[in-house]
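Keep the viewer open as you read.

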Amino acid sequence: MPEIIWTIIEASIKALAVVGGIQLMAALNVYLERKISAFAQNRIGPNRVGPFGTLQPFADVFKLFLKEDIVPKNADKFFHSLAPVLSLSIAIAVWAVIPFSSYVDIGDRRIYMGIAPDINVGLLFILAMTSVGVYGITLAGWSSNNKYSLLGGLRSSAQMISYELSMGLSLIGIVLITGSLSLNDIVNHQLAWDGWRWNIFLQPVGFVIFLITAFAETNRAPFDLPEAEPELVGGFNTEYSGMKFGMFFLAEYANMTTSSVLIVLFYLGGWALPVPAETLGLKDGSIALAAAHFLVFFIKVLMLLFFFIWVRWSIPRFRYDQLMNLGWKILLPISLLNVLLTALGVLYLK
Amino acid sequence: MTLSVVLFAVLSILAIASALVTITSKHPIRSAMGLVFHFFMLAGLYLTLSAQFIAALQVLVYAGAIMVLVIFVIMLLNLGDEEKLKYKVNPRQVIGIFLGAALLVMLGTIYVTNVSVAGFNKEIAANIGTAQFLGNELYTKYIFPVEAIGILLTAAIVGAIVLAKRKLN
């Protein structure tokens, strides 16, 4: 068979695995969120469905499937249905360039763990997808023909446009240090110094900015103004019910996973093992090493997910003007300065 | 028929269809979303020409930034369906049709005569498309135009802020 057919088969299998994995991660996030919020508020949390309530998210989704799908009379039917699909599909599309472990050599084929982690515009692709991610929420707000939805949609687009800039600029520091836009290269660059040349040590300011903007881009507390209940009822998804609401829900939790994964890949060393692989007796390209890499990576992601949830249940929401001030007057100048200093550092130290 | 030909056919048909939606649709949001879809198809076409960098920027800048702003404005103004205006022949439209026809004829002649660009081959094209190559060229060979455009854009931004501030007072 020609090479192209193999490539297509390989990509399809990986894509199926990734899409399934994202849904499972979303379910895990929902469970963790409910459990951790319960602990934060001195409650028990879900404990009826399955052992320790672990099957609760599946019960939730099943319930959403059975619910009646209500479309408001004056809504724009086409865009009202399109918006949740857009939200979810863009949230999944980012994963086309995200690696989650090193590689496995099978025969003379080198299989990377990720759909296409080695393309040399990977980082730009991620930025592009986060910037079009705003369409789902904006269109949902507009097409519902409801003032609360519209305000939620407008808020979200303003917020995402404002924080995208600082996010992109904080990543420029990493691109300057690595000299590549491919996510594989970014992680491999951090594997030096026995796996401890993490970008968080080289780019502490960039890390803080990226962390804050990641919260803003995923619309999570303290930046969850698009769905601020006291002011906007439910925000952009006020008029959504059933599985259409479920898709927004899934997209939000998928985005949370994606943000955690990106922070790990960009700043926290990706799948770098704490000790060199040779001391563990693992060979390059072996399945065991790839599994070890994945395990390290997954633990880091879980810790970040916990951090996301922890922040949401500890910190109150920003006011709208505070949000804009933070984005434009504090984060943007700092990230510009960070780019300048990093460029000088790279020029004179490298 | 190779894969690239199939991809080109699908992408270009969808691009033309979404462009038609953009100019024929009466509703401003539908037009804008048609244009967004068109930009995605254009990005796909750039990819078939191995111009990955331009493809990513096409989505990032046009679909992700400019069109979000356009949709933002349409939503703020809460525009409804376009009202039917009385149709008048506009000299600009006539000139536009002629220029469009001229472009079509030019492209047609290139296709028919099958001009080949000297020294062009697939490997060079794939190399030109990368971010590294473009960055190198822009910041060495074309540094003056890049800086000039930068100053021009900064001036435009400052001007926009000054105008907006004056209106407020």
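Over all chains, the count comes to eight salt bridges, a salt bridge being a side-chain nitrogen of Lys or Arg within 4 Å of a carboxyl oxygen of Asp or Glu. Side chains of opposite charge can pair when their charged atoms come close. Before we visit some of them, please bear in mind that this is a predicted model, in which local features need pLDDT of at least 70 and side-chain atom pairs count only at pLDDT 80 or more, while totals for chains, interfaces and linings use all residues. Residues are numbered from 1 along each chain as its sequence is written, chains are lettered from A and ligands numbered from 1 in the order in which they are written, and side-chain values use heavy atoms, with hydrogens and water left out.

Take Lys14(A) to begin with: its salt bridge partner is Glu10(A), and the closest N and O atoms are 2.8 Å apart. Both residues sit in helix H1 (residues 3-40) of chain A, four residues apart, or about one turn of the helix. Helices here (H or I, at least four residues) and strands (E, at least two) are DSSP runs, numbered from the N terminus. Lys14(A) and Glu10(A) are both buried, where buried means under 20% relative accessible area, exposed over 50%, and partly exposed in between (1.4 Å probe, protein chains only).

Now look at Lys244(A), which forms a salt bridge with Asp69(A) at 3.2 Å between the closest N and O atoms. This pair links distant parts of the chain, 175 residues apart: Lys244(A) belongs to helix H12 (residues 242-266) of chain A, and Asp69(A) to the loop between helix H2 (56-66) and H3 of chain A. Lys244(A) counts as buried because its relative accessibility is 12%, whereas Asp69(A), at 39%, counts as partly exposed.

In chain B, Glu137(B) forms a salt bridge with Lys141(B), and here the closest N and O atoms are 3.9 Å apart. Glu137(B) has a relative accessible area of 23%, so Glu137(B) is partly exposed. Lys141(B) reaches 59% relative accessibility and therefore counts as exposed.

Let's turn to the backbone. Most residues other than glycine have a negative phi, and most peptide bonds are trans. Which phi does Asn42(A) have, although it is not a glycine? Its phi is positive, about 60°. Asn42(A) is placed in the loop between H1 and H2 of chain A, and with 73% relative accessibility it counts as exposed. Phe52(A) is found in the loop between H1 and H2 of chain A and has a positive phi of about 55° although it is not a glycine. Phe52(A) is exposed because its relative accessible area is 69%.

Next, find Ser102(A), in the loop between H3 and strand S1 (103-106) of chain A. Ser102(A) counts as buried because its relative accessibility is 10%. Which residues is it in contact with, leaving aside its neighbours within four places in sequence? They are Tyr112(A), Met113(A), Trp271(A), Ala290(A) and His293(A), contact meaning heavy atoms within 4.5 Å. With His293(A), the side chain of Ser102(A) makes a polar contact of 2.6 Å. A polar contact is a pair of N or O atoms within 3.5 Å; within protein, one must be able to donate a hydrogen and the other to accept it, and residues adjacent in sequence count only if both atoms are side-chain atoms. By way of contrast, the C-alpha atoms of Ser102(A) and Gly152(A), 50 residues apart along the chain, are separated by 40 Å.

Stepping back to chain B, you can count seven helices and zero strands. Buried residues make up 23% of the 169 residues in chain B.

Finally, the interface: 25 residues of chain A are in contact with 26 residues of chain B. The rule finds one salt bridge across this interface, and Asp76(A) forms it with Arg30(B), the closest N and O atoms being 3.1 Å apart. On the side of chain A that touches chain B, the elements giving two or more residues are helix H3 (77-93), helix H4 (122-132), helix H5 (134-143) and helix H6 (147-178) of chain A. H4(A) provides the largest share, six residues.
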